[in-house]
Amino acid sequence: MNRLILFLFLLAASHAAAAACPAKAGGKDIFAFPELEKSHAVFKDYEVRIFDSGDCKKKLFKQRSGLEILKGGQRLYTQTGNGFSVGYPYEDDQSPDAFPVPIGTDLTGEGEPDLLVSEYSSENPHCCFTFHVFRIGKTFGKIQSIPLFDADESDFVQRPGQKGLILDSADYSAFAYFPFGFAGSPAGRVLLSFQNGQFRLDLKRIKARPPTQQEFDDCWKRFRASPAWKKQDQPQPMGMWYYTTDLIYTGNPAIAWNFLLQSWGSNRDTYRKYVGEYRERLAKSVYSAQLADLEKIKISAESQKIDWRQQCIDYAQP
């Protein structure tokens, strides 16, 4: 009986969604149809409206979703795309220390209220996401669009000594689907803070001390002996790439390249093939120029504290 009630409820909801769709767009944009408004957020005299036509049976617009920002009832900004939401795209995917970002949160640390809008821009299963950051104080302005690619778990966190929030994300611009499929992608962790009017890599916070010689030797030997090298499908230990990427994204690239060389448990041809592709992808990262500067940063109290021994053990798990 409960299942029948649920079925009837969902059926009614489906008909209601279809009934809320206009018969046709008629040359008008999505903002001309109030029945397509899916969410509405207010901060003082600002309003944020999200429109979406995804439930409609017919494709009515070039892009299915729209973002509209108003102040005192006057439109200030519009943008269309595949899907928008105020705040994080998926609340359940955020880390335990994720800082809530309702409309009006001071993200930058400038003492002004801000607005975070997430955009899902593709029909692919997990790509691509963008954070749009707006200033909604006495004056309005778009601060920045931050491409996140596949990192839908990105969130803002608080850190000691930082006025604004830190964006904790992962760099999927380089290594998505490497070396075999998306699930094994070795995305490097990145931390961005507000600097000179934009969220940029916070090099002093990303930096970490390298592993000791003992930690280094214990780890490459563990991966060299991994049974994963003998697999017919995906014959490599994925954790080896994660550890390498962690080394590079903490300012220790020389150690990373040596680690790959020592860890490799297959023939030299496959080594040249995969390491060559890894280097090419790294060079195409949106953060490649800043990562080159990371090596020059000195270790400080704000640097990451990584337990390289435990990191290796965790990554080496089958």
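1. Asp-202 is buried, at 4% relative accessible area; here buried means under 20%, exposed means over 50%, and partly exposed is in between, with a 1.4 Å probe and protein chains only. Its side chain meets that of Arg-205 in a salt bridge, 3.2 Å from N to O. By salt bridge I mean a side-chain nitrogen of Lys or Arg within 4 Å of a carboxyl oxygen of Asp or Glu. Arg-205 is buried too, with a relative accessible area of 6%.

2. A word on the basis of these points. This is a predicted model, in which local features need pLDDT of at least 70 and side-chain atom pairs count only at pLDDT 80 or more, while totals for chains, interfaces and linings use all residues. Residues are numbered from 1 along each chain as its sequence is written, and side-chain values use heavy atoms, leaving out hydrogens and water.

3. Back to Arg-205, which also forms a salt bridge with Glu-302, at 3.5 Å from N to O. This pair links distant parts of the chain, 97 residues apart: Arg-205 sits in helix α3 (residues 203-206), and Glu-302 in the loop between α8 (288-294) and α9 (308-315). Helices (H or I, at least four residues) and strands (E, at least two) are DSSP runs, numbered from the N terminus. Glu-302 counts as partly exposed, at 31% relative accessibility.

4. How many salt bridges does the structure hold? There are 15. One of them joins Lys-38 to Asp-55, with the closest N and O atoms 3.6 Å apart. Lys-38 belongs to strand β1 (residues 37-43), whereas Asp-55 lies in the loop between β2 (46-52) and β3 (65-71), 17 residues apart. Both ends are partly exposed: Lys-38 at 42% and Asp-55 at 46%.

5. The largest nonpolar core has 59 residues, and Phe-156, Trp-241 and Phe-259 have the most contacts inside it. Such a core is a set of buried Ala, Val, Leu, Ile, Met, Phe, Trp, Tyr and Cys residues joined through side-chain atoms within 4.5 Å. Helix α5 (residues 238-248) gives the most to this core, with six residues. Apart from it lies another core, of 14 residues, including Tyr-46, Ile-50, Leu-67 and Ile-136.

6. What does Phe-156 touch, leaving aside neighbours within four places in sequence? Its contacts (heavy atoms within 4.5 Å) include Tyr-88, Asp-97, Phe-99, Leu-116, Phe-131, Ile-166 and Phe-199.

7. Finally, have a look at the open sheet of four strands, ordered β5-β6-β7-β8 with antiparallel pairing. Strands β5 (84-86) and β8 (140-149) stand at the edges with a single partner strand each, so one side of each has no neighbour in the sheet. On average, neighbouring strands of this sheet are turned by 20° against each other, direction ignored; axes are lines fitted to C-alpha atoms, for helices over the stretch in contact, and angles run from 0 to 180 degrees between N-to-C directions. Strand β5 pairs with β6 (residues 114-120) over three bridges, where pairing requires that DSSP finds at least two bridges between two strands. Phe-84 stands opposite Glu-119 in β6.
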